[in-house]
Amino acid sequence: MSGVKNNAVELPVLIAQTGKLGGSRWVLEGDQILIGRGPECDLVIADRQVSRQHARIRRTGTGYSLEDLASKNGTHLNGVPIEQEVPLQDGDVIQIALVLRLVFVGTEDTIPLHREGLTPVGLGRLRMDPQAHRVWVGRSEIDPPLSPPQYRLLELMIQNSDRVVAREEIVEQVWPDSAGEGVSDQAIDALVRRLRERLMEFDPGHPYVLTVRGHGFRLNNPI
């Protein structure tokens, strides 16, 4: 999915990356989109950590901007709290309190998916469409597809790209019926290694899954 074309005008979109709204998208068709807990908002986030009117994205003469509306728990842009209205760039990550992370997609170069209904997940060179079970590295789709265990591992890593994923979480995601029994560290390491090798076929020299010794694994997905 990319910027949506409407009457020959490409409109930017917001893609939810986390929370209950993960995978949802909103097209910025009007002059502004109001984000908050209140029913009057265009993007309603039903969580007490979110202020009634939390933040606003509005169209400017040169593009779009983001503004925090004196919210209680703050708005972050690319990990930095904002205190005044700031311009948005293609691929920017917006964090509403600690509840929802949104990606601002302004041009069709950011996510090379064009079929209606696709909901890509992942900000960076590595992206996936959970509905169609398709994965892209850059502009190349992985073909033949990943094996089911490799896909489940990658999905877990992308959904938790902002933190280290523990081995126990991998077992629960990849082998849910095992309840941890019979899944050795060697089996997990072998799966991680195979996934790395598949991804490096399309991006040689870049390890997308990093080992954090004593803790687990972390996704290394450059923008």
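This is a predicted model: local features need pLDDT of at least 70, side-chain atom pairs count only at pLDDT 80 or more; totals for chains, interfaces and linings use all residues.
Before you click: local features need pLDDT of at least 70 and side-chain atom pairs 80 or more, while totals for chains, interfaces and linings use all residues. Numbering starts from 1 along each chain as its sequence is written, and side-chain values use heavy atoms, leaving out hydrogens and water.

**Stop 1: the sheet.** Select the open sheet of 5 strands, ordered E6-E5-E7-E8-E11 with mixed pairing. Strands are DSSP runs of E, at least two residues, numbered from the N terminus, and two of them pair if DSSP finds at least two bridges between them. E6 (43–44) and E11 (86–87) are at the edges with a single partner strand each, so one side of each has no neighbour in the sheet. Now pick E7 (residues 55–59) and E8 (residues 64–68), which pair antiparallel over 5 bridges.

Stop 2: Show Tyr 64 in E8 and Phe 104 in strand E13 (residues 100–105), 40 residues apart. Their ring centres are 6.0 Å apart and their planes at 55°, so this pair is tilted (centres within 6.5 Å; under 30 degrees is stacked, over 60 edge-to-face, the rest tilted). Phe 104 is buried at 4% relative accessible area (buried means under 20%, with a 1.4 Å probe and protein chains only).

**Stop 3: Asp 68.** Stay in E8 and select Asp 68, the bridge partner of Ala 55. The Asp 68 side chain makes a polar contact with that of Ser 71 at 2.6 Å (N or O atoms within 3.5 Å, one able to donate a hydrogen and the other to accept it; sequence-adjacent residues count only through side-chain atoms on both sides).

Technical notes
Helices (H or I, at least four residues) and strands (E, at least two) are DSSP runs, numbered from the N terminus. Buried means under 20% relative accessible area, exposed over 50%, partly exposed in between (1.4 Å probe, protein chains only).
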